[in-house]
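Keep the 3D view open while you read.

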Amino acid sequence: MPRQYSTEPTDPKEFTRQFDRFYSWFAPAYDALVKLGPVWKSWLAHAPPQIQGPRVLEASCGTGYLLMQYAGQVQASAIDLNAKMVEITNRNLRQAGLSAEVQQADVEALPYADASFDTVLNTMSFSGNPGGRAALAEMNRVLAPGGRLVLIDVGYPDDENKLGILLAELWRRSGDLIRDMDTLLREAGFDYWKQAIGGFGSVHLYVATKPY
């Protein structure tokens, strides 16, 4: 089966509105599923060991499950486009006795100065962003030279096994954008390595470094 990478949405604002409406409704169930789902948690567990430096931004934090795994160890900031996700994240942090600066914002227009962070995390959300190049450019902008982007998302398996391709296709047909991440990361100027971490090779960890 040939790879069919997604094209960027012709109406990015409408694409975002639809995702935002869905997650406003789905946020409480999403929070429970992430906390209880062993497979999802096993994917996200690959991110914290890759954090470097004290200043960390999680771009598109969902309901904060991953944020709570490292918030007490670094200077943590987080954003999400969806107001309900931000509300639940702040509640989860309070209940856990942890603190982080969490605000509603768009990954394509991050409210931070250049070179503000040593690590930027983006997990299982890049495929839901309508502007891949714009999002990577913003995450690159707020990274300090030598900083690290840790990205986990769905894509086609490198070994082209049928189950992995089927899973990637299911994600794509559900509305997510399956992109050629290798090309995008190279175009953005990152040095990177990657690893298949689940989904029969359809879930990848990318660890990208911003050159000095």
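This is a predicted model: local features need pLDDT of at least 70, side-chain atom pairs count only at pLDDT 80 or more; totals for chains, interfaces and linings use all residues.

Searching the whole structure turns up 14 aromatic pairs. Take phenylalanine 22 and phenylalanine 26: their ring centres are 5.1 Å apart and their planes meet at 25 degrees, so this pair counts as stacked. Why stacked? Because planes under 30 degrees apart get that label. Both residues sit in helix H1, which covers residues 12-36, and they are four residues apart, or about one turn of the helix. That spacing is handy, because an α-helix has 3.6 residues a turn, so residues three or four places apart point the same way.

Next, look at tryptophan 40 and tryptophan 43, an aromatic pair that is tilted. These two are both in helix H2, three residues apart, again about one turn of the helix.

| Pair | Centre to centre | Angle between planes | Type |
|---|---|---|---|
| Phenylalanine 22 and phenylalanine 26 | 5.1 Å | 25 degrees | stacked |
| Tryptophan 40 and tryptophan 43 | 5.9 Å | 40 degrees | tilted |

Both pairs belong to one aromatic cluster, made up of Phe15, Phe19, Phe22, Tyr23, Trp25, Phe26, Tyr30, Trp40 and Trp43. Are its members buried or exposed? Phenylalanine 22 is partly exposed, at 37% relative accessible area, while tryptophan 43 is buried, at 11%.

**A helix with a bend**

Back to H1: where does this helix kink? The spot is phenylalanine 26, shortly before proline 28, and the kink is about 60 degrees. Phe26 is also one of the buried residues of H1, along with Phe15, Ala27, Tyr30, Asp31 and Val34. And what do these buried residues pack against? They pack against H2 and against helix H4, which spans 83-96.

**Two more places to look**

Glutamine 50 is in the loop that runs between helix H2 (38-44) and strand E1 (55-59). With a relative accessible area of 16%, glutamine 50 counts as buried, because the cut-off for buried is under 20%. Leaving aside residues up to four places away in sequence, glutamine 50 touches Arg148, Val150, Trp193 and Val207.

On the surface, you can find a nonpolar patch formed by Leu163, Leu166, Leu170 and Phe200, with about 410 Å² of accessible area together. One of its members, leucine 166, belongs to helix H6, residues 162-173. Leucine 166 is partly exposed, with a relative accessible area of 45%.

Technical notes
Residues are numbered from 1 along each chain as its sequence is written. Side-chain values use heavy atoms; hydrogens and water are left out. Buried means under 20% relative accessible area, exposed over 50%, partly exposed in between (1.4 Å probe, protein chains only). Contact means heavy atoms within 4.5 Å. Patches are made of residues with over 30% relative accessible area and no salt bridge: like charges are joined within 9 Å, nonpolar side chains (Val, Leu, Ile, Met, Phe, Trp, Tyr) within 5 Å. Accessible areas come from the Shrake-Rupley method with a 1.4 Å probe; for residues, only the protein chains shown count as cover. A salt bridge is a side-chain nitrogen of Lys or Arg within 4 Å of a carboxyl oxygen of Asp or Glu. Rings of Phe, Tyr and Trp (its six-membered ring) pair if their centres lie within 6.5 Å; planes under 30 degrees apart count as stacked, over 60 as edge-to-face and the rest as tilted. The bend at a residue is the angle between axes fitted to the seven residues ending there and the seven starting there.
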